[in-house]
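Good morning, colleagues. Please look at the model on the screen, and I shall then go through its domains and the interface between them.

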Amino acid sequence: MKQIPLFKVFMPESVMEPVKATLLSGYVGQGPRVEDFEKALSARLNAPHVLTVNSATSGLQLALRLAGVGAGDEVITTPLTCTATNWPILAQGAIPVWADVDEDSANIDPASIEALITPRTKAIMVVHWGGTPADLQEIWDIARRHGLKIIEDSAHAFGSTYQGAHVGTQSDFGVFSFQAIKHMTTVDGGLVIARQAADCERGRLLRWYGIDREPRRADFRCEDDVVEWGWKFHMNDLAATIGLEQLKYVDATIARHRDNAAFYQHELSGAPGVTLLPVKSDRSSAYWLYTLKVENRAAFMAAMKDRGIATSRVHERNDRHSTVAEYRRPLPRLERLVQTMICIPVGWWVDQEDRRYIVDSIKKGW
Ligand SMILES: Cc1ncc(COP(=O)(O)O)c(C=O)c1O
């Protein structure tokens, strides 16, 4: 029986030539290809201040630090995400304050944010679940009223738009992931977008020990005075070479995800035992995931597995982990959502026959 996976690495044969050229160029660290990749991303996303990094996890920690989040500060965030969203808050010595979610989108619910704000709150972390943009306008309004920074974890959302602009470009910081199974990959890699040029300039130093990589020093091996220590978070030229090639395909990849999602939205509408998640008209989802709610989820997953269709909840709610046990609080909407939510294959590898088979399998019941 054919197996339809939930994720697949997109790697075009055409990367081989530029990869070989970079590998044999005598320079594989952060150099000209990283610069080219940053210019291309800046143009693609219409964002002037961009910094590539070695992962979104690193990028989120960098963004938190640039946002002024440090020891004892609080960050209001969603538990329904990859641990990579929230563990950087812990790494900064800060406290994740769990907001409840919107059951229609699986995103942070703006209605649950304001009551959680205290004098220690520094920032709001937003995740665009599966690529579907969160209610940014409401969150921008709250942040403005209370003087808080916003970080958009856009790891699922390359290609998603909100009010006509790319997600991750209109808040204080936006962070993207180029990890293996994302819409586009550099094997591992990430991107930080800053709204302010000064944040970008500080971030450029903090992603490499606090040292300017383009100095005009007498001894090129010896750094100038390091004023503020930084991490080793930079991207290398090999990853950037792969990224530059992937950028040529990403629009077609996203179009395939969207087309499959539109098919499901149409074909599964009204199917018994299924509730679909709507996307509001002022935004578009790049559908890294296609999430729906199903009755009797365990039986649904078992039936789909028997029919060769991979399904998963993808991310365990972060507040359940022992390492953050002390921060637990009641989250009734999340509690309900995690009983029924499930993701089905939607990506570029799902062809017309596959998606028909998936729809028929769901309509057949479980
Ligand atoms: C929501 C979210 N944020 C952050 C990350 C971390 O990305 P990376 O693997 O590039 O560090 C992921 C990874 O899948 C993710 O799903």
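The domain assignment of the protein chain gives two entries: domain 1 covers residues 13-247, and domain 2 covers residues 250-364. Please bear in mind that this is a predicted model. The C-alpha centres of domain 1 and domain 2 are 25 Å apart.

Let me turn to the interface. On the side of domain 1, 43 residues are in contact with 41 residues of domain 2. Between domain 1 and domain 2, an area of about 3,600 Å² is buried, and carbon and sulfur atoms give 57% of that area. Which residues of domain 1 lose the most area to domain 2? They are Trp98, Glu103 and His183, which together account for 22% of what that side buries.

Across the interface of domain 1 and domain 2, the rule finds five salt bridges. For polar contacts, 28 residue pairs are found across the interface, with both residues at pLDDT 80 or more.

As to secondary structure, four elements each supply at least two residues of the side of domain 1 that touches domain 2: helix H4 (83-91), strand S3 (95-98), strand S6 (161-162) and helix H7 (237-247). The largest share comes from H4, with four residues. By residue class, the side of domain 1 that touches domain 2 divides into 20 nonpolar, 15 polar and eight charged residues.

How values were computed. Residues are numbered from 1 along each chain as its sequence is written. This is a predicted model: local features need pLDDT of at least 70, side-chain atom pairs count only at pLDDT 80 or more; totals for chains, interfaces and linings use all residues. Side-chain values use heavy atoms; hydrogens and water are left out. Domain bounds come from an automatic or database domain assignment. Contact means heavy atoms within 4.5 Å. Buried area is the accessible area (1.4 Å probe) that two parts lose on being put together, summed over both. A salt bridge is a side-chain nitrogen of Lys or Arg within 4 Å of a carboxyl oxygen of Asp or Glu. A polar contact is a pair of N or O atoms within 3.5 Å; within protein, one must be able to donate a hydrogen and the other to accept it, and residues adjacent in sequence count only if both atoms are side-chain atoms. Ala, Val, Leu, Ile, Met, Phe, Trp, Tyr, Cys and Pro count as nonpolar, Asp, Glu, Lys and Arg as charged, and the others, Gly among them, as polar.
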